[in-house]
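Biologist: I have a chain open here and would like to go through it with you. Can we take it step by step?
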Amino acid sequence: GLIGTPLVDTQASFSKTASYGDVLQIHTKISEWRNKSFVQSYRVMRGDDEIMKCTEVRIFAADKAGGGIRAIPVPDEIQAMCS
C-alpha cells in the first residue's frame with residue numbers, strides 16, 4: 001500500500017558558493033529513523049569545502065480511505081535495506 005515518501009519538512013544551510021564548472025560531491029544518508037518517517041541528510045562538498053548541508057523529513061505514505069494520504073509505519077524491510 002506504500003505510494004511514496006513525500007517531503008514534510010526541509011532545512012538547508014549554504015556556507016559557500018558554487019559556480020559553473022565546479023566538481024561537487026553529494027553525500028546522502030538516512031540520519032534518523034522514526035516510526036512513520038525518516039530524516040535524510042545531505043552534504044554538498046567541493047573538495048574539502050562544505051558548500052551546503054540539508055535535512056529532509058519524509059513520511060511513508062499510503063492512500064487514505066475517502067481520499068488523500070496517511071502516514072504509515074516504516075516497513076522493516078526498507079529500513080533494513082537502507083542500514
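Biologist: In which strand does Ser-37 lie?

Modeller: Ser-37 lies in strand β4. Keep in mind that this is a predicted model.

Biologist: Is Ser-37 buried or exposed?

Modeller: Ser-37 is buried, because its relative accessibility is 10% and the cut-off for buried is under 20%.

Biologist: What does Ser-37 touch, leaving aside neighbours within four places in sequence?

Modeller: Ser-37 is in contact with Val-57, Arg-58, Ile-59 and Val-74.

Biologist: Let me step back to the whole chain. How many helices and strands does the chain have?

Modeller: The chain has 1 helix and 7 strands. Along the sequence the pattern reads β-β-β-β-β-β-β-α.

Biologist: Is the chain compact or spread out?

Modeller: The chain is more spread out than a compact globule, because its radius of gyration is 16 Å, well over the 12 Å that the globule rule gives for 83 residues. Its C-alpha atoms fill a box of roughly 50 × 25 × 20 Å along the principal axes.

Biologist: And what percentage of the residues is buried?

Modeller: Buried residues make up 25% of the 83 residues. The chain exposes about 5700 Å², and carbon and sulfur atoms supply 52% of that area.

Biologist: How far apart are the mean positions of the positive and negative charges?

Modeller: They are 4 Å apart, for 10 positive and 10 negative charges.

Biologist: Back to single residues. Where is Gln-40?

Modeller: Gln-40 is in strand β4, which covers residues 37-46.

Biologist: Buried or exposed, that Gln-40?

Modeller: Gln-40 counts as buried, because its relative accessibility is 15%.

Biologist: Which residues does Gln-40 touch, beyond those up to four places away in sequence?

Modeller: Gln-40 touches Thr-28, Lys-29, Ile-30, Cys-54, Thr-55 and Glu-56. The side chain of Gln-40 also makes a polar contact of 2.9 Å with the side chain of Tyr-42.

Biologist: You mentioned Glu-56. What separates the C-alpha atoms of Gln-40 and Glu-56?

Modeller: Those C-alpha atoms are 5.2 Å apart, although the two residues are 16 residues apart along the chain. Glu-56 is in strand β5, residues 49-59.

Biologist: Is Glu-56 buried or exposed?

Modeller: Glu-56 is buried, because its relative accessibility is 11%. Its side chain joins that of Arg-58 in a polar contact of 2.9 Å.

Biologist: Which residues does Glu-56 touch, again not counting those up to four places away in sequence?

Modeller: Glu-56 touches Leu-7, Asp-9, Thr-10, Phe-38, Val-39, Gln-40 and Tyr-42.

Biologist: What does the side chain of Ser-15 reach?

Modeller: The side chain of Ser-15 reaches the backbone oxygen of Glu-50 at 2.8 Å. Not counting residues up to four places away in sequence, Ser-15 touches Glu-50, Ile-51 and Met-52.

Biologist: And how far is Ser-15 from Asp-49 in space?

Modeller: Ser-15 and Asp-49 are 9.1 Å apart, C-alpha to C-alpha, and 34 residues apart in sequence.

Biologist: Where does Val-23 lie?

Modeller: Val-23 lies in the loop between β2 and β3. Val-23 counts as exposed, because its relative accessibility is 61% and the cut-off for exposed is over 50%.

Biologist: Which residues does Val-23 touch, not counting those up to four places away in sequence?

Modeller: Val-23 touches Met-45 and Arg-46.

Biologist: One last residue. In which strand is Val-8 found?

Modeller: Val-8 is found in strand β2. It is partly exposed, with a relative accessible area of 49%.

Biologist: What is Val-8 in contact with, leaving aside neighbours within four places in sequence?

Modeller: Val-8 is in contact with Val-57, Arg-58 and Ile-59. By contrast, the C-alpha atoms of Val-8 and Arg-46 are separated by 28 Å.

Note on methods:
Residues numbered from 1 in each chain as written. Predicted model: local features only at pLDDT ≥ 70, side-chain atom pairs only at ≥ 80, totals over all residues. Heavy atoms only, no water. Helix = DSSP H or I, 4+ residues; strand = E, 2+ residues; numbered from the N terminus. Rg over C-alpha atoms; globule rule 2.2 N^0.38 Å. Buried < 20%, exposed > 50% of the residue type's maximum accessible area, 1.4 Å probe, protein only. Areas by Shrake-Rupley, 256 points an atom, 1.4 Å probe, with all protein chains shown as cover. Lys, Arg positive; Asp, Glu negative; His and termini not counted. Charge placed at Lys NZ, Arg CZ, Asp CG, Glu CD. Contact = heavy atoms within 4.5 Å. Polar contact = N/O pair within 3.5 Å; in protein donor to acceptor, adjacent residues only side chain to side chain.
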